[in-house]
Amino acid sequence: QLQLVESGGGLVQPGGSLRLSCTTSGDTMKYHAIAWFRQAPGKERERVSCVSGSLSGDDGSTDYADSVKGRFTVSRDNAKKTVYLQMNDLKPEDTAVYYCAAPSSDVCYAHATWYDYWGQGTQVTVSS
């Protein structure tokens, strides 16, 4: 079992930055990939980014949705059991509830159905 808790959301103006944190407990975090998803009202949940775990020897490889490439950066600190999502140059279309999630393995999967553990979400609102 892996428990995840997001923090760091809030209200920011367009062009601003936020850093989200996903703090884990329970199982060993480094054995799990950790992904960030977001869901805006009336839209499907979208995977924003993912960082792989360490079992496959590919620890820390990252992946991003096209909509956030060059603006968002995901990183993990296994010692602190925390994954971060640095979000720069935020746009109104980035407004959503952001969730961190983990599968039972160290592989980043594209679809939400493969993720077994979810945090409660944190609201990000980009507005002037």
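A polar contact here is a pair of N or O atoms within 3.5 Å; within protein, one must be able to donate a hydrogen and the other to accept it, and residues adjacent in sequence count only if both atoms are side-chain atoms. The model is predicted, so local features need pLDDT of at least 70 and side-chain atom pairs count only at pLDDT 80 or more, while totals for chains, interfaces and linings use all residues. Residues are numbered from 1 along each chain as its sequence is written, and side-chain values use heavy atoms, with hydrogens and water left out.

**First stop: Asp94**

Select Asp94, in the loop between strand E8 (82-87) and E9. Helices (H or I, at least four residues) and strands (E, at least two) are DSSP runs, numbered from the N terminus. The side chain of Asp94 makes a polar contact with that of Arg71, at 2.7 Å. Is Asp94 buried or exposed? Asp94 counts as buried because its relative accessibility is 1%; buried means under 20% relative accessible area, exposed over 50%, and partly exposed in between (1.4 Å probe, protein chains only). Leaving aside neighbours within four places in sequence, the residues in contact with Asp94 (heavy atoms within 4.5 Å) are Arg38, Arg71, Phe72, Asp89, Val124 and Val126.

**Second stop: Arg76**

With a relative accessible area of 16%, Arg76 is buried. Its side chain reaches two backbone oxygens: that of Ser52 at 2.7 Å and that of His32 at 3.0 Å.

How many disulfides does a search of the whole structure find? There are 2, a disulfide being a pair of cysteine sulfur atoms within 2.5 Å.

Select Cys22 and Cys100, which are joined with an S to S distance of 2.1 Å. This pair links distant parts of the chain, 78 residues apart: Cys22 lies in strand E3 (residues 18-26) and Cys100 in strand E9 (residues 96-102). The link of Cys22 and Cys100 is right-handed, with 75° about the S-S bond. Both Cys22 and Cys100 are buried.

Then select Cys50 and Cys108, whose sulfur atoms are 2.0 Å apart in a disulfide. Cys50 is in strand E5 (residues 46-51), and Cys108, 58 residues apart from it, is in the loop between E9 and strand E10 (117-118). Here the link of Cys50 and Cys108 is left-handed, with -90° about the S-S bond. Cys50 is buried because its relative accessible area is 0%, whereas Cys108, at 24% relative accessibility, counts as partly exposed.
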